[in-house]
Amino acid sequence: MPKLSPTTKSDTMKNQHQRGLGRVLSGVLKWACYLCVLLAILWAGLVLWVHLNNIPWLRALVLVVVSAGVLTAVICYVRRGQHWQKWIGGVALGWLALAAWYVWLPAKQDRNWMPEVSKVVQFSQDASNTNVITLHNVRDFDWVRAEGSETLVQPTKPYYKKAVKKSDQDQVAQERWVERTVDLDQLTGVDIINSYWMGEQIGHTLLSFRFADQRPLSFSIEIRKEVGESFSTFGGFVKQFEMAVVAAEERDIVYTRSNVRGEQVYMFPVEGMPQQQLKSLFMAYLNQISELQQEATWYNTLLRNCTTVIFDMARNIDSELFPWDYRILLSGYVPNYLSDQGLLPNQEGANQNWDMSQWYVNAHINPKVADFSHADNQDPEAFSKQVRQGLPLPNPKPELQSQ
């Protein structure tokens with residue numbers, strides 16, 4: 001047997017290496033395709049499950065038929081049975097039809113909405129001073145726990161789950177919508193409010209604007225629930241909910257979370273924004289309201305939710321002050337993000353600044369209002385004053401403050 005020259009051996013080893021690498025890449029590509037197909041099937045199942053929710057018998061029938069078709073196509077493909085190409089093609093066409101319907105599916109303004117999102121905020125600016133803004137349909141509901149509901153015992157230490165098992169079923173509201181006129185020249189600060197009900201990773205984020213001459217005003221990006229609907233994380237991925245911007249009194253939108261639903265609510269004053277940026281952030285909410293009035297849009301659990309929309313607006317104003325961070329997606333960690341960015345204020349007279357564990361203790365609203373009654377909440381300003389007890393409330397950054 002003739003000996004191979006060193007050059008021939010080198011070429012042979014190189015070819016073997018290339019063939020081996022090609023097999024590995026081919027295997028990776030094949031399994032990546034399988035994964036994509038699996039994700040596509042799961043997505044289709046989720047869409048059908050969510051959007052046929054109101055017709056249980058039809059949902060069950062469709063899912064059984066679709067599952068049987070997919071399973072048959074997979075078995076035929078694996079066994080290379082007769083007509084397997086037709087089965088695969090039929091499943092693909094069905095998926096494409098569903099995807100086309102999903103892309104077309106329009107958000108709407110005219111549904112049977114829950115009372116708390118039944119009205120849309122309207123606003124107007126004073127002709128002689130555009131900083132003076134009148135908002136209509138500001139929510140000022142009067143919330144109480146239903147008679148006979150589970151007793152709400154507020155935690156005394158930081159906690160990140162509901163203090164009661166039920167929430168929406170145990171709350172009763174007296175509907176009231178009011179008008180507020182604010183002067184943006186009187187803005188003195190903004191507070192980020194995080195409300196938790198399912199652990200420390202995820203929370204609902206609200207913003208409250210403080211004014212020198214009147215009580216704060218809150219904004220909340222929310223799902224616009226229809227009557228009978230409840231929040232669903234998975235539904236928020238597949239166009240189940242339209243998005244709403246709610247302007248509300250703190251005695252409504254914060255009180256109902258802390259004192260009625262039993263969610264755990266924390267308030268963090270933001271430092272470092274000059275007044276002009278505060279004005280721009282307030283106007284960004286009004287722009288969101290205007291856009292939603294012109295065209296409804298879908299809420300998205302991951303990309304367009306209560307927290308990402310806030311930080312998109314803030315980053316458009318100052319991307320250096322509010323850089324992108326993964327904690328914007330894990331919204332429960334937004335306070336930690338604020339701390340790392342130097343956006344939480346110093347404590348006057350303290351020997352050292354609070355660490356985050358101390359911040360969560362002092363920012364925790366629930367212990368502060370544990371004995372705050374429905375009668376106490378009839379004073380429009382009482383709740384806002386009580387939840388800010390012990391918190392530093394910084395004024396706008398002085399060197400850049402508007403003149």
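1. Which residues of the largest nonpolar core touch the most other members? Among its 77 residues they are Leu135, Phe209, Phe219, Phe268, Phe282 and Tyr285. Helix α6 (residues 275–294) gives the most to this core, namely 8 residues. A nonpolar core is a set of buried Ala, Val, Leu, Ile, Met, Phe, Trp, Tyr and Cys residues joined through side-chain atoms within 4.5 Å; buried means under 20% relative accessible area, exposed over 50%, and partly exposed in between (1.4 Å probe, protein chains only). A second, separate core of 9 residues includes Leu48, Val50, Leu98 and Val238.

2. This is a predicted model, in which local features need pLDDT of at least 70 and side-chain atom pairs count only at pLDDT 80 or more, while totals for chains, interfaces and linings use all residues. Residues are numbered from 1 along each chain as its sequence is written, and side-chain values use heavy atoms, leaving out hydrogens and water.

3. There are 17 salt bridges in the structure, each a side-chain nitrogen of Lys or Arg within 4 Å of a carboxyl oxygen of Asp or Glu. Glu242 pairs with Arg111, with the closest N and O atoms 2.8 Å apart. Because Glu242 lies in strand β9 (residues 242–248) and Arg111 in the loop between α3 (84–104) and β1 (122–125), the pair ties together parts 131 residues apart in sequence. Glu242 is buried at 1% relative accessibility, whereas Arg111 is partly exposed at 26%.

4. Arg388 and Glu250 also form a salt bridge (2.8 Å, N to O). Arg388 is buried at 8% relative accessibility, and Glu250 is buried at 1%. A network of salt bridges links Asp140, Asp142, Arg176 and Arg251.

Technical notes
Helix = DSSP H or I, 4+ residues; strand = E, 2+ residues; numbered from the N terminus.
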